[in-house]
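Open the structure in your viewer and keep the selection tool at hand. The tour goes stop by stop, with a short note on what to look at in each place.

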Amino acid sequence: MRFRIYRYQPEVDNKPRMQEYVLEEIQPGMMLRDALLKLREQDETLVFRHSCGEGVCGSDAMNINGQNGLACLTPLSNLKEPVEVRPLPGIPVVRDLVVDMSQFFYHYRAVKPYLKVHDPEPEVEFLQSPQQREKLDGLYECILCGCCTTACPSFWWNPDKFRGPAALLQAYRFLADSRDQATTERLEDLEGPYRMFRCHTIMNCVNVCPKGLNPTAAINNIKKLMVKDMI
Amino acid sequence: MTFRAQGMRAWLVQRLSAVYLAVFLIAVVIWYFSTGEYSYDQWRHLVGHPLVNVALALCFIALLVHAWVGMRDVLVDYVPAMGLRFFILIGIAATLVAMGVWTALLLMSVFSP
């Protein structure tokens, strides 16, 4: 199987290049991550992030044949040859397929992804009915791989100001939580033309999310909450 | 939350103007195909009806406001240089205001003999 992989070492190379690789021994059921590990045996200078190998850690997000995804969840059998592997678009490359996620996590931290409670904390645990808990389904599963945010054109144009789909999904995850008491604060923080309203429902985020989540729906729900709050 | 909020207000105005435009234009198309040919005088008489005149005026206001928010969105995305963005925004605002004034003059002209 033929691969074309993005290679770039900013300290040494003038510009990025695409390097061709061939992998002979393809096993049935092999994922792209397995192929990359084999290719690294051929060429030890190839650098990429990976860890759990089962779509839980979100380390091996990359651009595969033009679409963001996790290498560990992408079967080789679904890929057209030569398989073009590039780093996630729109953020700085550290080396080869490894990107600098600082901007991404800056926005994640900015939405304050933790429960905020103004009342005195209960002596035991916070209680939540099964119906209230259900509202967090499709929100809490995010693994912060960055596939969605780096696939979003609005994030490409305003990476420093637009929170991006992943951070906004998390913002809604806490807005939807019955235990959180900072609704107005959170909504006010997302106001203005940039932080959330750069979203033009392009829905690349929904298209690429390896966990099948829907950040666009979450963003629309935040807008509905804002309208409600305003009225 | 206060209504001066910029992102929210722009988004809401764009959605509301879109709803008005959609409803009004569908109504116009249905009406157009369900009636016979209109002479110039009949058109003038129709636009002279206060309800039709106001509905048309609202349609053009919605169109201009919708265009303004849309164009502003495009510029915020694609023109990061503040000076250039401001310059283009002024140009767009001037064009839209001129169109609005022209439309107002046209709509009011049916009331003069």
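Start by selecting helix H3 of chain B. Its buried residues are B:Asn53, B:Leu56, B:Cys59, B:Ala62, B:Leu64, B:Val69, B:Gly70, B:Arg72, B:Asp73, B:Leu75, B:Val76 and B:Asp77; buried means under 20% relative accessible area, exposed over 50%, and partly exposed in between, with a 1.4 Å probe and protein chains only. Helices here are DSSP runs of H or I with at least four residues, strands are runs of E with at least two, and both are numbered from the N terminus.

This is a predicted model, in which local features need pLDDT of at least 70 and side-chain atom pairs count only at pLDDT 80 or more, while totals for chains, interfaces and linings use all residues. Residues are numbered from 1 along each chain as its sequence is written, chains are lettered from A and ligands numbered from 1 in the order in which they are written, and side-chain values use heavy atoms, with hydrogens and water left out.

Stay on H3(B) and show its neighbours. What covers the buried residues of H3(B)? The cover includes helix H1 (6-34), helix H2 (40-48) and helix H4 (82-109) of chain B, and also helix H4 (153-157) of chain A. H3(B) itself runs over residues 50-78, and its first and last C-alpha are 42 Å apart. That is close to the expected 42 Å, taken as 1.5 Å times one less than the number of residues.

Now select the whole of chain B. It has four helices and zero strands, in the order α-α-α-α along the sequence. The C-alpha trace spans about 50 × 30 × 25 Å along its principal axes. Of the 113 residues in chain B, 28% are buried.

Move to chain A and select A:Pro82. A cis peptide bond, with omega about -10 degrees, joins A:Glu81 to A:Pro82. A:Pro82 sits in the loop between strand S4 (67-70) and strand S5 (83-86) of chain A.

Next, select A:Asp96, in the loop between strand S6 (93-95) and strand S7 (98-99) of chain A. Its phi is near 45 degrees, a positive value in a residue other than glycine. Is A:Asp96 buried or exposed? A:Asp96 counts as buried, because its relative accessibility is 2%.

End at A:Lys112, in the loop between helix H2 (102-110) and helix H3 (130-134) of chain A. Phi of A:Lys112 is positive too, near 50 degrees. A:Lys112 is partly exposed, at 31% relative accessible area.

How values were computed: Contact means heavy atoms within 4.5 Å.
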